[in-house]
Amino acid sequence: MQSYLDFEKPVADLEAKIVELKSLAQTDQAVSIDEEVNRLSARADEALTEIYRRLTPWQKTQVARHPQRPHFSDYVSALITEWQPLAGDRKFGEDAALQAGFGRFNGQPVAIIGQEKGNSTETRLKHNFGMANPEGYRKAVRIMDMADRFNLPVLSFVDTAGAYPGIGAEERGQAEAIARSTEKCLELGVPNLAIIIGEGGSGGAIAIATANRVLMLENSIYSVISPEAGASILFRDAARAQDMATAQKITAQDLLGFGVIDAIIPEPAGGAHRHHGAIMDSSKAVISAFLRDFSGKSRLETREHRREKFLAIGTTL
């Protein structure tokens with residue numbers, strides 16, 4: 001069942017009428033509904049296109065958080081063969097919020113890292129809503145170490161509101177784990193690609209997104225703090241999250257202009273949650289292009305490319 005956001009109400013109303021007409025046709029075969037259904041479908045498509053053409057930063061935040069948006073597990077299922085996840089950081093334990101392992105992309109061995117939010121109450125609790133503990137980031141470091149040793153490219157799929165801020169996570173060194181993971185991204189001699197597929201929140205995102213190339217889906221967000229938390233701090237009012245989202249410049253278009261990211265992956269009208277197949281095709285194309293572009297680079301060239309990319313951020317504003 002399609003889940004609608006508040007600003008999608010005109011589309012929801014039209015599609016509800018279509019469902020009603022089809023239900024009527026099933027009870028009375030003499031009723032011809034084809035023409036009316038086609039007319040309503042066209043109006044719904046037009047309304048959806050117009051709505052998504054004019055999304056505000058806050059509306060994009062809502063789209064980025066949509067529960068039906070493709071998650072890490074969906075990308076792995078669609079793009080990766082011979083997927084072999086690894087568990088544990090060899091120091092404390094396993095963290096289900098951050099998934100990591102090895103597989104093949106178009107037959108090429110790669111390392112894969114990403115946050116998994118889950119798509120049901122049970123899986124969301126299991127994966128802690130994609131908010132990783134320190135052992136998750138230490139597991140990421142472990143996987144990146146192995147990838148570097150065996151010359152395997154690293155693909156990161158970022159989708160988190162931020163690292164888990166619980167007391168236990170802080171006691172086990174959350175900040176240090178994030179810093180170590182960010183450091184490991186920077187020192188890799190193999191190419192790494194990061195794609196923001198939903199939310200890219202704070203250090204929890206950058207810990208696996210410090211990459212040679214950073215891409216964002218068109219309706220994803222990437223920020224140092226959530227709009228709600230930022231509004232609570234700056235405006236003393238979490239209800240002003242909409243104003244904060246606009247002030248933060250968290251959209252893919254803003255961040256491309258600032259040079260923080262390298263490119264935007266377009267989403268069809270209606271968002272990635274309505275078009276899983278199209279998003280997988282687009283993601284496959286950009287990953288293939290990335291691997292081609294970096295296939296001939298030496299380890300030193302790869303490190304220097306990443307270093308220069310991040311040193312250049314903010315120098316041309």
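The protein exposes about 15000 Å² of surface, and carbon and sulfur atoms supply 54% of that area; such accessible areas come from the Shrake-Rupley method with a 1.4 Å probe, and for residues only the protein chains shown count as cover. The model is predicted, with local features requiring a pLDDT of at least 70 and side-chain atom pairs counting only at pLDDT 80 or more, while totals for chains, interfaces and linings use all residues. Residues are numbered from 1 along each chain as its sequence is written, and side-chain values use heavy atoms, with hydrogens and water left out.

Of the 317 residues in the protein, 49% are buried, where buried means under 20% relative accessible area, exposed means over 50%, and partly exposed lies in between, for a 1.4 Å probe and protein chains only. The C-alpha trace spans about 70 × 50 × 40 Å along its principal axes. Because a compact globule with 317 residues would have a radius of gyration near 20 Å, the value of 21 Å for the protein agrees with that expectation; the radius is taken over C-alpha atoms, and the globule rule is 2.2 Å times the number of residues to the power 0.38. Among the contacts with a separation of 6 or more, 72% are accounted for by residues 24 or more positions apart, a contact being heavy atoms within 4.5 Å.

The protein contains 14 helices and eight strands, which are DSSP runs numbered from the N terminus, with at least four residues of H or I for a helix and at least two of E for a strand.

| Strands | Sense | Bridges |
|---|---|---|
| β1 (residues 80-85) and β2 | antiparallel | four bridges |
| β2 and β3 (residues 108-115) | antiparallel | eight bridges |
| β3 and β4 (residues 154-160) | parallel | four bridges |

Strand β2 (residues 98-105) is mostly covered, since seven of its eight residues are buried, and its residue Phe 105 is the bridge partner of Ile 80. On the β3 side, Leu 98 has Gln 115 as its bridge partner, and Gly 101 has Ile 112. The hairpin of β2 and β3 has two residues between the strands, and there Asn 106 takes a positive phi near 50°.

Strand β3 has six of its eight residues buried, so it is largely enclosed by the rest of the structure. Towards β4, Ile 113 stands opposite Ser 156.

Definitions and conventions
Pairing = 2+ DSSP bridges.
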